Amino acid sequence: MRALIRAALERDGCEVIEARDGAELIDLLGMTVECPSAQPDVVVTDVRMPNFSGLGVLRTLRQAHWTV
């Protein structure tokens, strides 16, 4: 499913950052904290993911005052 979503978004000209699970996503997004202009406009996540749920990812981003 990730591959299909990625292909559709890239076909529409979006730059995609892909993660296997919520923990990896938080790690990847953490790299953009030092460069606010690099923060994504949209985060697409599954509700149930290994190691860290999608809701947990969104909660973490809100606590960091992200506006995605």
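Trainee: Why is isoleucine 17 called partly exposed?

Mentor: Isoleucine 17 has a relative accessible area of 46%. Buried means under 20% and exposed over 50%, with partly exposed in between (1.4 Å probe, protein chains only). Isoleucine 17 therefore counts as partly exposed. This is a predicted model, in which local features need pLDDT of at least 70 and side-chain atom pairs count only at pLDDT 80 or more, while totals for chains, interfaces and linings use all residues. Residues are numbered from 1 along each chain as its sequence is written, and side-chain values use heavy atoms, with hydrogens and water left out.

Trainee: Where does isoleucine 17 lie, and how many residues separate it from leucine 29?

Mentor: Isoleucine 17 is in the loop between helix 1 and helix 2. Along the sequence, 12 residues separate isoleucine 17 from leucine 29, and their C-alpha atoms are 8.7 Å apart in space.

Trainee: What makes up the secondary structure of the protein chain?

Mentor: The protein chain has three helices and zero strands, in the order α-α-α along the sequence. Helices (H or I, at least four residues) and strands (E, at least two) are DSSP runs, numbered from the N terminus. Of the 68 residues in the protein chain, 19% are buried.

Trainee: Which helix has the lowest confidence in the protein chain, and which the highest?

Mentor: Helix 2 is lowest, with a mean of 85, and helix 1 (residues 2-11) is highest, at 93. The score is pLDDT, the predictor's confidence in each residue, from 0 to 100. For the protein chain the average is 83, and 88% of the residues reach at least 70. Where pLDDT is low, the predicted coordinates should not be read in detail.

Trainee: Why are helix 2 and helix 3 called roughly parallel?

Mentor: The axes of helix 2 (residues 22-30) and helix 3 (residues 54-63) cross at roughly 25° and come within 9 Å. Angles under 35 degrees count as roughly parallel, over 145 as roughly antiparallel, 65 to 115 as roughly perpendicular and the rest as oblique. Helix 2 and helix 3 are therefore roughly parallel to each other. The crossing of helix 2 and helix 3 is right-handed.

Trainee: Which residues of helix 2 meet helix 3?

Mentor: Gly22, Leu25, Ile26 and Leu29 of helix 2 meet Val57, Thr60 and Leu61 of helix 3. Contact means heavy atoms within 4.5 Å. By class, the contact of helix 2 with helix 3 has five nonpolar, two polar and no charged residues. Ala, Val, Leu, Ile, Met, Phe, Trp, Tyr, Cys and Pro are nonpolar, Asp, Glu, Lys and Arg charged, and the others, Gly among them, polar.

Trainee: Why does asparagine 51 count as exposed, whereas serine 53 counts as partly exposed?

Mentor: Asparagine 51 has 62% relative accessibility and so counts as exposed. Serine 53 has 31%, so it counts as partly exposed. Asparagine 51 lies in the loop between helix 2 and helix 3, and serine 53 is found in the loop between helix 2 and helix 3.

Trainee: What do asparagine 51 and serine 53 touch, not counting residues up to four places away in sequence?

Mentor: On that count, asparagine 51 touches Asp21 and Ala23, and serine 53 touches Asp46 and Val47.

Trainee: What makes valine 68 partly exposed?

Mentor: Its relative accessibility is 39%, so valine 68 counts as partly exposed. Valine 68 is placed in the segment after helix 3. Beyond its neighbours within four places in sequence, valine 68 contacts Pro40, Asp41, Val43 and Leu61. Valine 68 and valine 42 are 5.5 Å apart, C-alpha to C-alpha, and 26 residues apart in sequence.

Notes:
Axes fitted to C-alpha atoms, helices over the stretch in contact; angles between N-to-C directions. Left-handed = near helix turned anticlockwise from the far one by under 90°.
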